[in-house]
Amino acid sequence: MDPVFEKVDAYLDELFAPPDEALQSALKAAAEAGLPRIQVSPVQGKLLYVLARLVSARRILEIGTLGGYSAIWLGRALDPDGRLVTLEVSEEHAAVARDNLSAAGLSDRVEVIVGPALASLPALEARGEDPFDMVFIDADKPGYSEYLRWAVRLTRSGGLIVADNVIRGGRILAPDPGDEAASGARDFNAALAAEPDLDSVVLQLVGRKGHDGIAIARVR
Ligand code: SAH
Ligand code: DHB
Ligand code: MG
């Protein structure tokens, strides 16, 4: 990876996503708890924030919480009476996220649900939730195509579906059968392109997280 990509990322972070106390301590707490450092970058967090504001999001669903870093960005985009529901399979990750969200002053707006997303999603639907304005998919990549189906089902017309990690260093072009993440992302991209209820695009990104990409789709 050309070092200029990381340098430009640092430059953009400083201009558009300067670290604050809550974001910094969230990263520190996650690192100290031994969580993998795979949260979105600061500028990607800012992108999530801007997208949420663009759809005037009052209800957001996140699939894949980790330590709550992206959830802080999304939670901050909500009005005080807005709601973020975030799904996480790991009890340990969820505990770190709850602490971080609480320290960020967002506990009143954010609900972390522990369990495999494919169990939590039907439970969410069964409890009669209003449709979401935005869904951010960022959990296990083999699950992405199923998460897309749920996202389409749970998002209002005009709402937004966003998914992280859909390029995987270009390995989506010819995924090694052993690379579940790249295969999952490739299947997801094909399903996204074929989904008639969505206007979709995928952008490749470079930066401190290497070469990857993000999907953005509007529900018709
Ligand atoms: N959105 C986070 C990063 C998420 S990393 C951020 O940017 O800050 C992916 C997370 O998905 C991990 O915490 C992992 O434990 C979780 N995950 C993996 N499989 C899952 C599943 N089946 N259901 C819910 N969460 C899952
Ligand atoms: C990786 C990065 C991510 O953003 C993610 O959600 C999962 C995995 C990675 O680089 O392995
Ligand atoms: Mg990700």
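## Burial and overall build

Of the 220 residues in the protein chain, 49% are buried. Keep in mind as you look around that this is a predicted model. The accessible surface of the chain comes to about 10,400 Å², and carbon and sulfur atoms hold 54% of that area.

Eight helices and seven strands make up the secondary structure of the chain. Its radius of gyration is 16 Å, close to the 17 Å that the globule rule gives for 220 residues, so the chain is as compact as a globular protein of that length. Along the principal axes, the C-alpha atoms fill a box of roughly 50 × 40 × 30 Å. If you count contacts with a separation of 6 or more, 70% of them join residues 24 or more positions apart.

## An enclosed helix

Now turn to helix α4 (residues 69–76). Seven of its eight residues are buried, so the helix is largely enclosed by the rest of the structure. The buried residues are Tyr-69, Ser-70, Ala-71, Ile-72, Trp-73, Leu-74 and Gly-75.

What covers them? The cover includes both helices and strands: α2 (21–32), α3 and α5 (91–103) on the helix side of the list, and β1, β2 and β4 among the strands.

## The magnesium site

Which residues coordinate the magnesium ion (ligand 3)? They are Asp-138 (OD), Asp-164 (OD) and Asn-165 (OD1), at 2.0 to 2.1 Å. Along the chain, the donors follow the spacing D-x25-D-N.

Asp-138 lies in the loop between β4 (132–137) and α7 (144–154), while Asp-164 is in strand β5 (residues 155–164), so the pair ties together parts that are 26 residues apart in sequence. Are these two aspartates buried or exposed? Both Asp-138 and Asp-164 are buried.

## Two residues with positive phi

Most residues other than glycine have a negative phi. Two places in this chain are worth a visit with that in mind. At Ser-56, phi is near 45 degrees, a positive value in a residue other than glycine. Ser-56 is found in the loop between α3 (42–54) and β1, and at 55% relative accessibility it counts as exposed.

The other place is Arg-168, which is not a glycine either and has a positive phi of about 50 degrees. You can find Arg-168 in the loop between β5 and α8 (180–194). With a relative accessible area of 21%, Arg-168 is partly exposed; the cut-off for buried is under 20%.

Conventions. Residues are numbered from 1 along each chain as its sequence is written. Chains are lettered from A and ligands numbered from 1 in the order in which they are written. This is a predicted model: local features need pLDDT of at least 70, side-chain atom pairs count only at pLDDT 80 or more; totals for chains, interfaces and linings use all residues. Side-chain values use heavy atoms; hydrogens and water are left out. Helices (H or I, at least four residues) and strands (E, at least two) are DSSP runs, numbered from the N terminus. The radius of gyration is taken over C-alpha atoms; the globule rule is 2.2 Å times the number of residues to the power 0.38. Buried means under 20% relative accessible area, exposed over 50%, partly exposed in between (1.4 Å probe, protein chains only). Contact means heavy atoms within 4.5 Å. Accessible areas come from the Shrake-Rupley method with a 1.4 Å probe; for residues, only the protein chains shown count as cover. Donors are N, O and S atoms within 2.8 Å of the metal (3.2 Å for Na, K and Ca); water is not among the atoms, so sites may look incomplete.
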